[in-house]
Each structure stands twice: as structure tokens, then as C-alpha cells.
Amino acid sequence: MMFFLLTISSALAEGDYAYAYDDAFAPGPAGPSVNMEAPAPAPAPASVGRERRALVPALFAFGDSLIDSGNNNHLFSFAKANYFPYGIDFGGPTGRFSNGYTILDQIANLLGLPLLPPYSELFNADKMRYGVNYASAAAGILDITGFHFVERIPFTYQIKNFENTLVSLIKNMSAPVVREAIPKCMFFVGMGSNDYLNNYIMPVYFSQDQYSPQKFAELLIHHYKDQLRKLYDLGARKFIISGIGQMGCIPNMLAESSSGQCSDLVNEMVHPFNAKLKVMIMKFNKDLPGAHFIFLDMESMSKDIFRNHKSYVGKTSSSLSIARGANN
């Protein structure tokens, strides 16, 4: 956990974006609707209290079910979490694939920001002032990833939703104000898990017939590089990029093992992606003026949890793994 806290603090060291696009994957801002989920209790606004000042103006997040907070609620999708027992420690289901806070909620709290609203629930620019969560369960770097869940919002379309957010912010705050603020904001991106869990290791996608683990990692990094560069071109400068954890140790992988052990084969498949992602991030920091990319090493962190699980509030390694859902 110490490594994670250090990465956040180190990342803080230092007009018209409208696009017409096929909205097949991504919902626009939702209008009034009947919601099953309870409203999320937000921490105090960043400007309230002498000891509670925001470290960044806003936080924008992109990812999958690890941080989705309700963007899939109104989609025709099998990847939803807006029903019990999800949210049992949150006052009710919200769309988060967890019993309580996600890692993104904790990051927002550490930065002195309220919990981020999901993009699909936004009604006005005022709700965007501290940031937006664009994450969608079953989403991947590749657009095809997770198609068996029907609707989801791939990373490419999450970025386009961010562009729509910029349009709204510019209309309400003016282009110069937004242009000055965006480089100071934090961007959290956690993609790639579904490209393995709900693509590469699923026979229905035939990805293993076309690519070796090394080649598939190269394919993902090729697309990921262009997507992250797009965010940079839109003004983003401060990034936390999450690697992929040990996919071979998530609950459904453990359930498939007769001995309840992690799948070393799956963990070995995923490792090349993390290795190449680290190299890409180092190159970004070298080549992109003003950029500050931080790598969140989820692979090492998850290994440590399994090896030293007794130091994590006395839980067993199997119970700790439940934090990872079947859709990521």
C-alpha cells in the first residue's frame, strides 16, 4: 500500500471538442429515470474545511468493473451490479461491483475530492466540476472485448465521452478556463483486464489462435498507446496507469481449479502486457512534454496480498480475492 500512496504524491509534483460518432457502445448523459441503486454518500467537497483541500482540481477515471460506479446500469448488458448483495456496505447497490468503496473512491478521498459521478448519470456541468467516472464493466482496450455481455463502453468510447464532457465544461466555464485546468487534473486509467478475461482466454474469441501471449500484448499496447496519447492531446498531463493484477487468481479461476489454486498459465499470459506497459510509460515520460505518468503495479501488489495475506487484516488469500469481480 505504501507504494500506491507514493505514486499518488509523486504524480502531483510538478476550443471546440465536439465530435460526431457512432454511439452504439456509449450512452449519452441519461435523463431522469427510475433507479434501483441508492445514492452514493460523498465525502465533503474539497474546498470545505481548513484541513481538507483538494490536491488536484478534478479526477477523471477510465476503466472496467473494478471502478465502474453505475455506467452500465442503464445499458442492455449482462455486466451490471445495481442489485443486492452489491453495495451492502454502501447503503444499497449503486452499480459498483463491490460491497463498498472501490479503489477509485479511495483515490478520490485521498485527493480531497468527492466521489466521482458516473458519466451516464450526469445532468449538468456543475456535477462534473470535481471529475467524472467513465468506467464500464466488461470494457476493454479492444472494442470487441466483452461483446458477449452485449452493451458496454470500450475505452475508445470512454475517451469520446470525455470529449463530450469537455464540450459541456467549455460551454459553462469558457475554453481558456478549461484549457488551464485540465493539465492540473488527475487521470486514472485501468484497462486491459477484460482483454484477457473476456477475450484472450475465452475460446469464443479465437484470439489465442491468432496471437501468442507476446503478440497479443503487443496488439493491446499498440492500441493503448494511441488511446492514452489521445487523452494527452486533449490536455491530460497527470496520469495514474494501473497494470493488470494476477488474473489467474481471481475467484472464477480459483473455482475452475480442483485444488483451488491460481492458474499459473493465465498469470504468465498476462505478464507480457504489464512488462510492455511499464516500458511504454517510461517512454511517454521521456517523449511527451509536461507529461507525468505513474505506473500502479497491480501485479506485484496482488502477489504480495496472496503471499502475505495474514498481514492484510488477517484475511485468507481466498477471501481477499473476492474483491475482483467476474467481469474484470
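**Why these labels?**

Guide: In this predicted model, valine 204 lies in the loop between α5 (193-200) and α6 (207-210).

Visitor: Why is valine 204 called partly exposed?

Guide: Its relative accessible area is 44%. Buried means under 20%, and exposed means over 50%. Valine 204 falls in between, so the label is partly exposed.

Visitor: What makes the nonpolar surface patch that includes Val204?

Guide: Ile144, Phe147 and Val204 make it, with about 260 Å². A patch residue needs over 30% relative accessible area. Val204 has 44%, so it passes that cut-off.

Visitor: Is tyrosine 119 buried or exposed, and how do you know?

Guide: Tyrosine 119 has a relative accessible area of 4%. The limit for buried is under 20%, so tyrosine 119 counts as buried. It is found in the loop between α2 (103-110) and β2 (131-133). Tyrosine 119 and valine 132 are 13 residues apart in sequence, and their C-alpha atoms are 6.0 Å apart in space.

Visitor: How much of the chain counts as buried?

Guide: Of its 328 residues, 51% do. The chain exposes about 15000 Å², and carbon and sulfur atoms supply 58% of that area.

Visitor: What makes α7 and α9 a crossing pair?

Guide: The axes of α7 (residues 213-233) and α9 (residues 264-287) come within 9 Å and cross at roughly 35°. The crossing is right-handed.

Visitor: Which residues of α7 and α9 meet?

Guide: From α7, they include Leu220, Ile221, Tyr224 and Leu228. From α9, they include Phe273, Leu277, Met280 and Phe284. Contact here means heavy atoms within 4.5 Å.

Notes:
Residues are numbered from 1 along each chain as its sequence is written. This is a predicted model: local features need pLDDT of at least 70, side-chain atom pairs count only at pLDDT 80 or more; totals for chains, interfaces and linings use all residues. Side-chain values use heavy atoms; hydrogens and water are left out. Patches are made of residues with over 30% relative accessible area and no salt bridge: like charges are joined within 9 Å, nonpolar side chains (Val, Leu, Ile, Met, Phe, Trp, Tyr) within 5 Å. Accessible areas come from the Shrake-Rupley method with a 1.4 Å probe; for residues, only the protein chains shown count as cover. A salt bridge is a side-chain nitrogen of Lys or Arg within 4 Å of a carboxyl oxygen of Asp or Glu. Helices (H or I, at least four residues) and strands (E, at least two) are DSSP runs, numbered from the N terminus. Buried means under 20% relative accessible area, exposed over 50%, partly exposed in between (1.4 Å probe, protein chains only). Axes are lines fitted to C-alpha atoms, for helices over the stretch in contact, and angles run from 0 to 180 degrees between N-to-C directions. A crossing is left-handed if the near helix is turned anticlockwise from the far one by less than a right angle, and right-handed if clockwise.
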